[in-house]
Amino acid sequence: MAHMVRNMRVPPNSASLAEAKNRTLEFFRMCCRSIPEIMDMYNLYDVVSPSQLRSAVAAEVRKNSNVTNPKVIDMLLFKGMEELKNVVDHSKQRHHIVGKYVVGNQGLVQDLEAKDQGSSNFLKNFYSSNYF
């Protein structure tokens, strides 16, 4: 599978919006086909499941679903293929993948439950004023 991604190139320009959308769907399929290899390569099974990673990739593709200019879609496809090639070629480290596709734009998931406030007044005041 990595062999196919490494040799994949974006054609110069899409002639129409329909052609650009077909290329986008083909790119998404190629990303989904490479997910098992990426999971093995970066050892992501302890952090995320393949379906969750597929959902994150789908969210990235859907983020630009409102774009209707074929030239802009081609540029976004080029950037997406470059990102996929970097991931498959192992040009990124594990924390890059986890930070961008597992944690995502939500930031670190924090536990919002009340923490043990400690027994001293200083710690209670500190936690109440500086703990988010």
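Select Leu17, Ala20, Arg23, Thr24, Phe27, Met30, Cys31, Ser34, Glu37, Ile38, Met41 and Tyr42 in helix 2, which meet Pro70, Ile73, Asp74, Leu77, Gly80, Met81, Leu84, Asn86, Val87 and Val88 in helix 4. Contact here means heavy atoms within 4.5 Å, and helices are DSSP runs (H or I, at least four residues) numbered from the N terminus. The model is predicted: local features need pLDDT of at least 70, side-chain atom pairs count only at pLDDT 80 or more, and totals for chains, interfaces and linings use all residues. Residues are numbered from 1 along each chain as its sequence is written, and side-chain values use heavy atoms, with hydrogens and water left out.

By class, the contact of helix 2 with helix 4 has 15 nonpolar, four polar and three charged residues. Ala, Val, Leu, Ile, Met, Phe, Trp, Tyr, Cys and Pro count as nonpolar, Asp, Glu, Lys and Arg as charged, and the others, Gly among them, as polar.

Axes are lines fitted to C-alpha atoms over the stretch in contact, and angles run from 0 to 180 degrees between N-to-C directions.

Next, turn to helix 2 and helix 3, which pack at an angle of about 150°, with their axes 10 Å apart. That makes helix 2 roughly antiparallel (over 145 degrees) to helix 3. To see the contact, select Thr24, Phe28, Cys31, Cys32, Ile35 and Met39 of helix 2 with Pro50, Leu53, Arg54, Val57, Ala58 and Val61 of helix 3. By class, this contact of helix 2 with helix 3 has ten nonpolar, one polar and one charged residues.

Two loops follow. Select Asn43 in the loop between helix 2 and helix 3; Asn43 has a positive phi of about 55° although it is not a glycine. Then select His90, in the loop between helix 4 and helix 5; the phi of His90 is positive, about 65°, and His90 is not a glycine either. Most residues other than glycine have a negative phi.

Finally, show the largest pocket, which holds about 850 Å³ of space. A pocket is an open set of points on a 1 Å grid over the protein atoms alone, where a 1.4 Å probe fits, with protein on both sides within 12 Å along at least five of seven lines; lining residues have an atom within 4 Å of a point. Of the 29 lining residues, Phe27, Val57, Glu60, Val61 and Gly80 are the closest to the pocket's centre.

Conventions:
Grid points are joined across faces, edges and corners, and a volume is the space filled by probe spheres set on the points. Angles under 35 degrees count as roughly parallel, over 145 as roughly antiparallel, 65 to 115 as roughly perpendicular and the rest as oblique.
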